[in-house]
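Morning, everyone. I'll keep this brief. Please have the model open while I talk.

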Amino acid sequence: MSTIETSTVTGLDTVSYPRAARSRRWLLPAGRVAVPVVALLLWLVLAPLTELVPAPIPTVKEAWDGFATGWIYPGIQATASAVFTGFALGTAFAFPAGYLLGRSRYLNRVFEPLITGTFAIPRIIVYPILLTLFGVGFQAETGMVAISAFFPIVMSTAAAVRQASRTLLKLGRSLNASRAQIAMKIVIPEVAPGIMVGIRIGFSISFIAAIIAEFFAAKEGLGLMISRAHAGLDLPRMYAIVLLVMIAAFGGNMILWWAERRLRRS
Amino acid sequence: MNRTSSGGGTLLLRPPLVRAALVLAVVAVLEAAARGGLVEPLVMPPPSVMFARLVEIVRSGPFVTDLVVTGATVATAFGLGGLVGLMIGILFWRFPFSGAVFEPYLVSMYSMPTIVFYPILLAVFGLGTKPIMIIASTMALIPVALNTMVALRAIPPTLPKLARSLNCTRLQTYRKVLAPAAVPMVVPGLVLGFIYAVIGTIAMEFILASRGLGYRTGFFYRSFEIADMYAYILVISIVAIIVNVGLNYFERRIRRDMQ
């Protein structure tokens, strides 16, 4: 599958740092923690220089107020429900499709160029089609999320399933295992970490797609709230939501990444 | 894997033929649905009408302007993102500790909706190509930086040693030894970076620009010119597919040349 599998590198698990690891174990985590702290300090120092950026304290206070007074909940609820529903929908289609493409060389040869060929198409441009189909609202946004999640999950699942060990498959066949048994007992457990990579990427893309869709047209959601705060020049609120979105994206990614590593180890 | 044996047995079941037949079948079904009144013309015009509009649009002046604007934005975004990405990659390899510290943040930038910064950039730079360029280049930068770093780390230590024993200057070591050794992995990063620049640019144009292919799609949606909207979606898809295929070809050639 050309570009994507061969070149998406995270490299996180592969590299070790012998020197830092052995003599000064605490240095690396300390350095990693220092990054957001330094960023926060820079923000604190640089904010007064421009009117376009509110200081961190009013921003954090506004975010806090969002939860205390509740103005943020409708946005979180709308975005989260679109992301989770769309992601579940996209995965429900992508996972079986990816499994079949990974198992059958023929199907793969038929469909793979269709999937990789469309890799460079920005998915968001089909959003107007969904809007004309469903009207502005939850359905169109969910559809957009589902489409965005579909492609990375299909590709990673197919690539992962293709890596399933020949010996185990032969063993399964020699034991007269059914197709479903081969899938559930052999292939899926074996390639679970690879599938998880697709889930993680798919989830991130779902989140991004939902926010972009809300910027363009939505009735509710965090993306819409950012545009509204921007239009109303309510900068602390705008930055508060931006901050929350970034934290949510970072946190979600870290949780899925952690799950991925757990699977890899077991 | 029993099914694989049946693949490509008869001429009619060859994958490219089946693929083309499937695509044509989908177009035919859509055409029939639109012509037969199953789908309202306001929701989706028949594909034949879309293609007719597409041909007219491609010949028109505004299209060329939009294409040039989008193309120039993509090119600048990729140039900037690629350059900064290469520098970051080299820096993270040269100073492994900083690489280890920043790497998780760089990786998680993949999952960041960097577009949430658009109102800020809009306020700073105004409604032009600059905010789009900046966001698209941050998207392009990530795969370039990560691939460069991994490519340089993967170079066997014997190569720099050899360069030293041959008394190469630092510049020579970089140019003659490290760069060629890293190219097979750096190029896929650049290809991915270019694709991200395309995606980022068009997606940003779609939500905030006043010109460009992405903007035009949204514009026609808002003015209810559905046939034109579909035509623009088709144009963008075709351009993106051509770019993708071209880059894949380029990547394969480079990799072959390096071996």
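How many salt bridges does a search of the whole structure find over all chains? Ten. By salt bridge I mean a side-chain nitrogen of Lys or Arg within 4 Å of a carboxyl oxygen of Asp or Glu.

Ground rules next. This is a predicted model, where local features need pLDDT of at least 70, side-chain atom pairs count only at pLDDT 80 or more, and totals for chains, interfaces and linings use all residues. Residues are numbered from 1 along each chain as its sequence is written, chains are lettered from A and ligands numbered from 1 in written order, and side-chain values use heavy atoms, with hydrogens and water left out.

Back to the salt bridges. One joins the side chains of A:Arg237 and A:Glu62, at 3.0 Å, N to O. That pair links distant parts of the chain: A:Arg237 sits in H12(A), residues 235-265, and A:Glu62 in H4(A), residues 56-69, 175 residues apart.

Now the fold of chain A. Twelve helices, zero strands. Those are DSSP runs, numbered from the N terminus: H or I of at least four residues for helices, E of at least two for strands. The C-alpha atoms of chain A fill a box of roughly 70 × 60 × 30 Å along the principal axes.

Two helix pairs. First topic: H8(A), residues 138-162, and H10(A), residues 179-216. They pack at about 155°, axes 7 Å apart. Axes are lines fitted to C-alpha atoms, for helices over the stretch in contact, and angles run from 0 to 180 degrees between N-to-C directions. H8(A) and H10(A) are therefore roughly antiparallel; that label needs an angle over 145 degrees, while under 35 is roughly parallel, 65 to 115 roughly perpendicular, and the rest oblique. Their contact has 16 nonpolar, seven polar and two charged residues. Nonpolar is Ala, Val, Leu, Ile, Met, Phe, Trp, Tyr, Cys and Pro; charged is Asp, Glu, Lys and Arg; the others, Gly among them, are polar.

Next, H5(A), residues 73-103, and H6(A), residues 105-117. Their axes come within 6 Å and cross at roughly 120°. So the two are oblique to each other. A:Leu100, A:Leu101 and A:Arg103 in H5(A) meet residues of H6(A) including A:Phe111 and A:Ile115. Contact means heavy atoms within 4.5 Å.

Last, the interface. 68 residues of chain B are in contact with 69 of chain A. The buried area is about 6400 Å², with carbon and sulfur atoms giving 74%. That is accessible area (1.4 Å probe) lost by two parts on being put together, summed over both. Salt bridges between chain B and chain A: zero.
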